[in-house]
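Open the structure in your viewer and keep the selection tool at hand. The stops below say what to select next and what is there.

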Amino acid sequence: MELDLLHDKFYKLYGKKEQSCHTFFAPGRVNLIGEHTDYNGGYVFPCALQYGTYLAVRLNGSDRMHFSTTNFDQPCSVPERGFSRQDTKWVNYPLGVMDQLVKRGFGMKGMDMLFSGDVPNAAGLSSSASIEMVTAVAMNELYDMHFDMIDLIKIGQKAENEFVGVNCGIMDQFASGMGKTEHAVYLDCATLDFEQVPLVLGDYKLMISNTNKRRGLADSKYNERRAECESSVEFIAMTEPVSLLGELSYARFLDLQHLIPDETVRRRAHHVVSENQRVLDAVKALRESDLVLFGQLMNASHDSLRDDYEVTGIELDTLTEEARKVEGVLGSRMTGAGFGGCTVSLVHKDAIARFITEVGSAYHAKTRLKPEFYLGEVSDGARKL
Ligand code: GLA
């Protein structure tokens with residue numbers, strides 16, 4: 001997004017050019033490995049993308065908060081005090097963050113705000129977390145709140161859980177807040193200990209392929225999986241002091257899995273615990289520059305999400321299957337919650353054109369959907385511009 005263009009639109013919309021606005025950015029993310037582990041106290045390994053949400057904002061001296069976006073024609077004006085959930089859905093993401101800040105004792109004041117997002121819409125690349133994080137970072141600065149980034153990340157997640165009503169884990173907000181260019185974020189979701197690990201891919205690129213499938217049942221299925229994980233822990237906890245699946249090593253889980261009577265629930269837990277081990281192995285492989293092993297772990301992650309966790313579907317499965325057929329592809333997996341959205345593949349730079357043609361036509365032939373392809377560039381986290 002051209003910042004000049006954003007600023008022109010801002011002043012056209014709100015006037016008073018002499019009162020300048022401040023501009024912030026927060027990225028979306030792609031998760032490399034570690035899917036559906038965050039809410040189980042496990043490991044994740046996402047990185048921040050070049051795509052994200054921009055926000056131009058200033059205090060306006062009134063008692064109204066004005067929200068606009070360049071993405072759709074749905075402006076909204078909300079009183080600075082006593083606000084509640086809006087019918088204009090997109091506004092609930094920034095407003096949820098403000099709600100959290102009010103709960104922590106900060107008063108909001110009248111503001112003019114213009115958001116602008118370039119994360120592909122509904123693609124599972126965390127456009128929502130990027131709106132939350134850009135709002136959190138902007139409010140922190142505008143109101144001199146002195147929260148650190150970890151606090152802002154927790155505020156972003158709570159906004160989504162409590163105000164938007166989506167029971168997500170912390171991965172997306174964390175990647176958006178703590179992303180670093182050329183690095184992936186290795187995060188222990190139980191302790192929030194993290195490390196930014198250099199993402200040295202040599203001649204390989206992160207290719208993101210969008211199924212362009214609407215993620216219809218995603219929220220209800222997401223909650224169903226969370227409940228299945230909790231129920232697996234309840235069975236194990238009758239014998240063993242365990243409160244989250246992330247506490248179990250793979251070997252320990254194999255010893256204890258007979259305690260889970262339901263076969264489906266056992267498979268859900270098996271995915272989580274095996275995926276956790278794959279994150280550890282993948283981070284080690286990356287540190288040792290073993291991209292071939294990294295790619296194999298990506299493949300194994302997808303297969304586990306397909307067979308054990310059952311969150312893929314024909315679109316994501318076709319994209320990964322076709323990707324793996326292309327010479328120069330080291331691995332391919334779904335990324336994010338699943339049920340549509342995107343895959344991420346590790347592709348040699350010389351194979352990119354072929355990848356797009358071959359995967360694109362095979363996918364279209366099978367699903368009648370037109371996929372989209374983006375090269376992921378790993379960027380810095382939420383910040384003032
Ligand atoms: C969504 C959620 C995350 C995480 C992933 C699955 O992106 O927002 O918290 O649970 O799904 O790994």
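This is a predicted model. Begin with two helices, α2 and α3. Their crossing is right-handed. The axes of α2 and α3 come within 8 Å and cross at roughly 45 degrees. Angles under 35 degrees count as roughly parallel, and α2 and α3 are therefore oblique to each other.

**Helices α3 and α4**

The axes of α3 and α4 are 9 Å apart, and the two helices pack at an angle of about 130 degrees. An angle has to be over 145 degrees to count as roughly antiparallel, so α3 and α4 are oblique to each other. The crossing of α3 and α4 is right-handed.

**The largest pocket**

Now select Tyr93, Ala122, Ser127, Ser128 and Arg215. Among the 48 residues that line the largest pocket, these five lie nearest its centre. The volume of the largest pocket is about 1,300 Å³.

Next, colour the elements that give two or more residues to the lining of the largest pocket: β3 (46–59), α2 (92–103), β6 (111–117), α3 (127–142), α4 (149–164), α5 (171–178) and α6 (218–237). Which element gives the most to this lining? Helix α3 does, with 4 residues.

If you colour the lining of the largest pocket by class, you will find 19 nonpolar, 18 polar and 11 charged residues.

Why does the largest pocket lie between domain 1 and domain 2? Select residues 3–199 for domain 1 and 204–376 for domain 2. Both domains give residues to the lining of the largest pocket, so the pocket lies between them.

**The second largest pocket**

Move on to the second largest pocket, with a volume of about 260 Å³. To show its lining, select Glu182, Leu199, Val200, Leu201, Gly202, Tyr204, Lys205, Leu206, Leu375, Gly376, Glu377 and Val378. The elements that give two or more residues to the lining of the second largest pocket are β9 (204–210) and β12 (372–376). Strand β9 gives the most to this lining, with 3 residues. By class, the lining of the second largest pocket divides into 7 nonpolar, 2 polar and 3 charged residues.

**Glu182**

Stay with Glu182, one of the residues that line the second largest pocket. Glu182 is found in the loop between α5 and β7 (183–188). What is the phi of Glu182? It is positive, at about 65 degrees, although Glu182 is not a glycine. For comparison, most residues other than glycine have a negative phi.

**Glu310 and its neighbouring helices**

Select Glu310 next. Glu310 is another residue other than glycine with a positive phi, here near 50 degrees. Where does Glu310 lie? Glu310 is in the loop between α9 (291–307) and α10 (314–325).

Finish by selecting the two helices on either side of that loop, α9 and α10. The axes of α9 and α10 are 11 Å apart, and the helices pack at an angle of about 155 degrees. Angles over 145 degrees count as roughly antiparallel, and α9 and α10 are therefore roughly antiparallel to each other. The crossing of α9 and α10 is left-handed.

Technical notes:
Residues numbered from 1 in each chain as written. Predicted model: local features only at pLDDT ≥ 70, side-chain atom pairs only at ≥ 80, totals over all residues. Heavy atoms only, no water. 1 Å grid on protein atoms, 1.4 Å probe; cavity = no way out; pocket = protein on both sides within 12 Å on 5 of 7 lines; lining within 4 Å. Points joined across faces, edges and corners; volume = space filled by probe spheres on them. Nonpolar A, V, L, I, M, F, W, Y, C, P; charged D, E, K, R; others polar. Domains from an automatic or database assignment. Axes fitted to C-alpha atoms, helices over the stretch in contact; angles between N-to-C directions. Parallel < 35°, antiparallel > 145°, perpendicular 65-115°, else oblique. Left-handed = near helix turned anticlockwise from the far one by under 90°.
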